[in-house]
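Please look at the sequence and the structure below. The paragraphs that follow go through the sheets chain by chain.

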Amino acid sequence: MSSISLKYKSKSGNLTAPGDVDLGAMIPLATVTPYTTTTTVEFNSVPGNYSHLQLRALVMGSGYSTLRFNADTTTSNYRSHYLGGQGSVTFAGSDANAAYFANSGSANGMAVILDLLDYSDTNKYKTQRYAQGWDNNGSGEVYLTSSLWMSTAAITSLKITAVTGTFASGSHFALYGIKRAGA
Amino acid sequence: MAYTYSKIATYTVGSGGILSMAFLSIPQTYTDLVLKISAKSDRPNEYQSLVIRPNNDTANGTTRTLEGNGSAASSDTTASILIQNLQGNVATQANVFGSADVYIPNYTSANYKSFSIDKVGENNATTAYADLTASLWSSTAAITSLTIITGNLSYPIMQYSSFHLYGIKAEV
């Protein structure tokens with residue numbers, strides 16, 4: 001059984017009842033920190049009562065990974081585009097049949113911030129926007145990446161799968177819900 | 001009390017679409033503003049930009065953009081505060097909406113205001129636009145309103161597009 005502790009609501013130190021606590025707009029939902037090397041990370045039973053999701057990750061280990069929603073493995077339902085730089089050149093491209101989550105060339109890790117707006121809006125296909133990059137003291141890449149899941153279903157689960165390489169110890173995946181005004 | 005990341009206002013476009021929307025009377029109690037946009041325009045088979053006007057100022061905005069179009073990268077400048085090539089009404093992808101974050105640090109300061117914008121459009125085809133943008137509003141006035149206008153008045157912002165304004169409060 002979980003419990004809720006009384007929290008300080010203001011700098012003045014006034015205690016409030018749990019029901020009065022407004023935690024603001026950005027709420028931590030779940031965190032995955034692999035204990036050993038793994039190839040998949042999943043967030044299931046994602047609540048639908050937020051407006052947006054944000055996934056913040058540190059992906060340790062070289063290789064690339066993909067993102068799937070609601071266990072949909074139909075590759076033709078996914079598409080990716082990217083804008084990147086390597087320190088001396090810029091590039092852009094697209095990939096059919098995949099939503100790429102991370103593509104790291106460094107065992108030192110790749111930082112990823114993924115925004116998923118209106119993830120439960122059944123009038124929209126789901127567009128993901130990522131800021132991500134890695135640096136390895138002499139090499140590195142930075143990306144603004146998008147991907148598309150061509151489904152109007154509300155997102156209830158996310159699965160990140162390492163296609164090459166693995167998620168090494170030290171990786172960290174944190175999912176947040178962001179409320180809308182009035183929620 | 002202002003929390004670190006607080007919701008200020010949300011607007012979702014209804015049937016028929018809109019040419020513009022505005023967040024008015026923005027509280028001056030935060031440190032930074034974040035505007036999250038999931039939107040598309042009614043422009044057929046073309047991508048469509050959105051213009052941001054702080055305090056409904058039609059001048060004093062400039063933008064520098066790094067853009068990818070799905071096959072090449074380029075950079076350009078614009079004499080307005082622009083979310084470039086957000087999303088048009090691509091015929092084969094009627095349900096696709098672009099995604100953007102607009103970050104406005106220190107929006108009440110007496111200095112000129114910098115904007116950082118990252119935005120993507122999508123499409124089940126090679127062409128889709130991703131943009132990293134730096135903008136400047138050359139005004140020392142505190143930002144009290146943000147007006148967002150379709151970049152081409154012939155093409156409204158479509159139903160289900162959503163605009164979400166948040167305030168970020170730093171510890172001081």
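In what order do the 8 strands of the open sheet in chain A stand? The model is predicted, and in it the order reads β3-β14-β5-β10-β11-β12-β7-β8. The pairing in this sheet of chain A is antiparallel. The strands at the edges are β3 (26-32) and β8 (90-96) of chain A. Each of these has a single partner strand, so one side of each is left without a neighbour in the sheet. On average, neighbouring strands of the sheet are turned by 15° against each other, with direction ignored.

The pairing at the β8 end of chain A can be followed in detail. Strand β7 of chain A covers residues 78-85, and 7 bridges join β7(A) to β8(A). The two strands run antiparallel. Within β8(A), the residue opposite A:R79 is A:A96.

Chain B comes next. Its open sheet is formed by 8 strands, ordered β1-β12-β3-β8-β9-β10-β5-β6, and the pairing is antiparallel. Which strands of chain B stand at the edges? They are β1 (5-12) and β6 (73-78). Because β1 and β6 of chain B each have a single partner strand, one side of each is left without a neighbour in the sheet.

The pairing at the β6 end of chain B involves strand β5, residues 61-68. This strand is joined to β6(B) by 6 bridges, and the two run antiparallel. B:G68 has B:A73 of β6(B) as its bridge partner.

Definitions and conventions
Residues are numbered from 1 along each chain as its sequence is written. Chains are lettered from A and ligands numbered from 1 in the order in which they are written. This is a predicted model: local features need pLDDT of at least 70, side-chain atom pairs count only at pLDDT 80 or more; totals for chains, interfaces and linings use all residues. Side-chain values use heavy atoms; hydrogens and water are left out. Two strands pair if DSSP finds at least two bridges between them. Helices (H or I, at least four residues) and strands (E, at least two) are DSSP runs, numbered from the N terminus. Axes are lines fitted to C-alpha atoms, for helices over the stretch in contact, and angles run from 0 to 180 degrees between N-to-C directions.
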